[in-house]
Structures are given as structure tokens and as C-alpha cells.
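My entries follow in the order in which I made them.

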Amino acid sequence: MFPRPSGSLQRPAPPRFPARPRTSAWLVLLLTLLGLAAAFALGPADATTTEATGTGLPAESQSARAAAIVKTLPSGAAAPAIVVYSNTDSGPLTDTQQAWIGARAEALGKLGLAPDAARPETVQGKVATVAVLLRTDAGDEQNTQAVDRIRELASADLPAPLKAEVTGAPAFRADVAQIFAGADTNLLLATAAVVAVLLLVTYRSPILWLVPLLVVGAGDRVAGILVGALAPHAGVDVDASAAGILSVLVFGAGTDYALLLVSRYRDELHLTEDRFTAMARAWRGTAPAVLASGTTVVLSLLTLLAAELTGNRGLGFAGAVGIVTAVFFGLVVLPAALVLPGRWLFWPLVPKVGEPLTADRNGLWSRIGAAVAKRPARTAVAGTAVLLALAAGALGVQTGLSQADAFRKTPDAVLGQRTLAAVQPAGTAAPLTVIADPAAADQVITAARSVPGVASVTPAATTDRYATAQAVLTAEPGTGESDRTIERLRSALAQLPAANALVGGETAEAFDTARANEHDTRTVVPLVLGIVLLVLAVLLRAIVAPLLLIATVIASYFAALGASWILFRTVYDFPALDTNVPLLSFLFLVALGVDYNIFLIARTREDTLGGHDTRSAVLRALASTGGVITSAGILLAAVFAVLGVLPLITLTQIGVIVGVGVLLDTLLVRTVLVPALVLLTGRHFWWPSRPETSAPSIPQPPH
């Protein structure tokens, strides 16, 4: 133990700046409370700005253009919710059952726009369908209520063994909306609970954990209000899924910043009796790393504004606002909330002046650093080999989930679609809409019928400007065969230039969404890597260090993708990744994972400028930040795992990939592999700068 200054407990040294810092801290908290009150009173309820839940195609895509035209047609105001009747034993429908279905169809028709259209149609004697037309321009809530009424009436007093399922576009839309109903509240509660437990375990204090939790929770609510207020002015739509991910980002990043500040503040309390001086030193030591980290994440998220999909743009904007808010609360509100109560906040592990700093203790991370220092080359090779072995699992990754496979729990709309697929072509429940010039309508229908994979083409509504037809595919919507059929159909119709043909519909929208995601990935990934490289170069004033660190970031991502794909195939039994999962996982993992690079290497550079050589500085930095990085990584991984609360495979996949990647970052890359690389390169790590030869900018504490 370091000797404690004589009389420090009986006669504490008076604070150097007793009045001004305390007044400033109280003023910050007062203004924060007033700001929160104003935001809750005057701002929107949450971050969501649109009822529609989906990716949002660009206006120039074929399916978006087709949808815009369909809305102008008399028939475009309605879409069928298809009630599917069948026997639970897959037997044929009896005459009595068919009579019962006919009577029920009359009642179901009254729930739709055209009662006469709700006529039962029997397929192969085993399945009967009743189409109930619903408005397409209704909001999610109205559509869900309409579908719920249809389901309730369709299933009421069913004579056994008859069963009723409701599918079709309105039913799928209602099932997706149900998933996100209350999603914000569920995610917030689950996230807050996870953060609370992990903070309690990390700090081992019954009091301290409350402060960062309350501050980050307040930041999350403010972020939601700001996004809801600013998004319309920025020209972006934020749906329920983006609003849910916003809370995960704010809690994850905000708690990381809190862990870093609290750790540094605790160390500084070992050096001075004045808690305000300790907080000022801790703030000066952590603010550059937090600002660099926050800037990296914000700029990375803003690259999504270059995406084609409106859902990606909305997520990027919302996430950027959320991280800015987390940085503000972490660097302005949290210091005031921590410093005012005093040292007792850390009870029972109250830091005392004279106790050794974290870097000077022979703790776990000091011992790990010493082990790495003995064989840095072997450690670097072994760490790289582990990442490459895990990354090999990504070689078999498949992307593209069918509509039926998008849910962890199979909804009623998917069950109805499968029942229909057993007796009709798989694409019956979601036909394509073909639009063309009326003069070329016959040519278009003939060409479409000749395309392999098209089961049938039926003429539909025609006006003076447009002729429409419904094309049913043999393949299930969203599958690879369905996608190839759409490509063949569009290619065939493009050979009729005078027809001005468009292929749209729900299945075509999913196809165009996948293509747009591919474009967004090609656009965003290089931008993110460039931003991370630039921020690291500016922060470290070096070229070699950022290049090595960015290489570890890329290796970490592919290792996480490979390891997660193995889990998806062996544990979850997911057939494929959703098309937007690789992009969003890369964005979150790289943007947030680089935090730990910044925390470790910024502290290494600080100790190097303080007079230590690079090799000893990185070991001190590892001893100082290893525990913080590990705690932050475990917490961030757990927070992203909370996305599994929602029964949507896309969010589960993102949560697992980011969680696995963050754990790899914190337990292997940032705490073992990166120190080994620094030890191997030594002072050349900082090239072309030379911090070892610079005058110490931070005086060393007395020992």
C-alpha cells in the first residue's frame, strides 16, 4: 500500500476551488432538469415519425414507381386480406363445412370495402378462401384493428376440425405492426434492467450504479424527443424499429462513457482530497477519448444518409442524434451528478488518498500485460489465427430471408400462406403487379406468361393510361427462385420498350429492397472505414497506428460474422441472414468497437507523452483500462442482445453479431492482440510522430 498522508482523514485539505465548481455542478443539474421538463412538455412523445414499418424504397425503383401508379387506380385503394379455411387433418372440406364457410363469408364481406367480393373459392376441395378488401391507405393501427376483426369473426364458433387463418398483404402488415407494438417500452425496460444489473456488479456499490443509470436513461429519453422533433426537418422517416435501436445505442454508448469517466475519477480520488479537482483531472483525461469515440460513431452513422433505403437513412439520423446526446450527458451532466454527492457515493469501496492507482496495482490486466510482453510475437500470431479461424465460418454465409422466415415465432399470415402453398402456387398470397401501356397489354401478358417461374397472369384493372395484371409465381416470396423469376420477368418485359412495363407488388418490393441493401453496403462500408481511419489518424497523429487498428477492426468483424453464422445454423436454425444485417452489423460493430481502440491507445499515448516509453505505456494503459474495456464490452454485448426481445429475426441477428463482435473486441483484440502489436512495433507505432521524444505533457504522480 502507498502511505496515506498524515492526518488526511482527521483534517482533510480544503478544496482548491470550493465555491465555483460546486455552483457550476448544481447549475448543470438544475438546467438539465428544466430542459427535461421542457422537452417532455413540448416535444413529441418519442422518436417515431412514421407509422409505416419497413425499409422504404427509393422513388426511382420499379416497385416504388408501380406502387405510386397503383395508388392512383380505383383498385389501388384496396388490398385483400385472405381468410383461408382448411381442416386440421388436411382432409377435404365437406358439403356442410362449405355451406358454413359460405354463410360466414357473407358476414366477413361486411367488414371490407366490397361485401360482394367476399365470395368463397374452393381449391382442390381442401382449402376455401374468402377475400376481404381493406383500405391500403389506412395507418398501421387502423389496418391492424381491421385484420383483428376479420380474424376474430373468421374463427368464431368454428366447427371442428375446421381452422381459419388470415394471410395477404394487410395481414402481413398487421403482424409486423404487432411485433413493434410497445417495442420501445419493452426494449427500454429490458435494456435498463440489463444495464442496472451489470453496473451493480461492476461497481460493487448499492448506490453508485444509480447515478450513471439515471443520467443515461434521461439522455435516452431526450434523444428520442430530439429525434422525433428534428427528423421531419431533416427529411427522414424514423420507424419503430429505428426508435428501438436508438435506445440500445444510447444506453450502450452512454454507459461505456460513464464507465470510462468513473474509472478515471476513482483513480484521481487516490491522488487528491478535493473531489472537484479529481473530477476536473478525470474529465480532462477522458474527454478527448470520449469526443473522439463519439465523433467516430456519429460520422459513421451519418454515412447512412447516403443510403438508398429510407429506413437506413432514418436509422442513421436517429443514431447520430442519440450518440451526440449520450456524449453530452456523459461529459456534462454525469460529472456534475458524480461529484456533488462526494466520496461516499462509492461506498463500501470508498477511494482514499494514497492508495495505488489502477495502473500500479498487480491486478489481472497487469498480469495479462506482463504475459503478453514476454511473447508478443507469439501472442499476435495466436490472436490473428483465432480471428481467421472464426472468420472462416463466414465463407458459407447466405443472405436473403423469405417472407415466411422473417419471424422467430410464425405469425398467422405465414401459416395461412403455407396452407395456400400446399394447394396453389407458392406465390398466390403475394402476386406481382404488372403495369403497362393499355395498347401493349396483350403483348405484356403473353410475354409474362412465357417466363419460367410464372404460374399464371390474370388481367386486372385498366384505365386510359394504365393496364394492370396480376402475376402469380411458383416460388415462395422472398426466396432465391422468386428473385430470379422477377429478374427474368423484368428482362422479358424490357424487350417491349413501347409497353413501358413495370413489375411491382409486395414480392417485387422485397426484391428491390435486397438490391438497394447491396448498393447501401457498397456505399457505406468504404465511407465508414475511411472515417474511422481519419479520426484515429487525427487523434493519434500517426499513420502506422491507425492502419494496424483498422486492420484489427476488419478482422474482428469477419470473425464475429463467421462465429455468429455458426450459431445461427447450429443453435437458432436460421436459414439465412436478412439482407440488411451485414451492413448494420458492420456499422454498429466497427463504429462502437473502435471505442475500445480509442480508450486503450489514447491512454497509451497519454502515458507516452508523460514520460514512459511506448512499450511500458501500453502495459500501463492496459492495466488502467483493461477492466473498464472488459466491463464496457460485456455491458454493450448484453445491451445488443436485448434486441432479441422482439420476435423478428433481423434484430436478433444484428444483436448476436454485434454482441459476439464486441466480446471478441474486449476479450481478445483490444486487450491482447493490440497490446502485442504495440509491443512489437514500439516507437514506430506512432510514426511519423515521435511522442517518446516529446516533453512530458502530464506530470507523473508521486510514488
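I began with T296 and found that its place is in helix 9, residues 275-302, where helices (H or I, at least four residues) and strands (E, at least two) are DSSP runs numbered from the N terminus. The model is a predicted one, in which local features need pLDDT of at least 70 and side-chain atom pairs count only at pLDDT 80 or more, while totals for chains, interfaces and linings use all residues. Residues are numbered from 1 along each chain as its sequence is written, and side-chain values use heavy atoms, with hydrogens and water left out.

Is T296 buried or exposed? I noted that T296 counts as buried because its relative accessibility is 1%; buried means under 20% relative accessible area, exposed over 50%, and partly exposed in between, with a 1.4 Å probe and protein chains only. Leaving aside residues up to four places away in sequence, T296 touches I531, V532, V535, V594 and I598, contact meaning heavy atoms within 4.5 Å.

Next I turned to helix 12 (residues 376-391), whose 16 residues should span 22 Å at 1.5 Å a residue, and whose end C-alpha atoms are 22 Å apart, which agrees. The expected span is 1.5 Å times one less than the number of residues. Which residues of helix 12 are buried? I listed P376, T379, A380, G383, L387 and A391. They cover an arc of only 105° around the axis, so they lie on the same side of helix 12; the arc is that of the directions from the helix axis to the C-beta atoms. An α-helix has 3.6 residues a turn, so residues three or four places apart point the same way. The face of helix 12 turned away from its buried side carries the exposed R378, V381, L388 and A389. Among what covers the buried residues of helix 12, I found helix 11 (364-374), helix 17 (544-572) and helix 20 (649-681).

I then looked at helix 4 (residues 140-155), where the buried residues are D140, N143, T144, A146, V147, I150, R151 and A154. These cover an arc of only 160° around the axis, which puts them on the same side of helix 4, whereas E141, Q142 and E152 are exposed on the other side. After helix 4 comes D157, and I noted that its phi is positive, near 55°.

My last entry concerns L27, which has its place in helix 1 (residues 20-42) and is partly exposed, with a relative accessible area of 46%.
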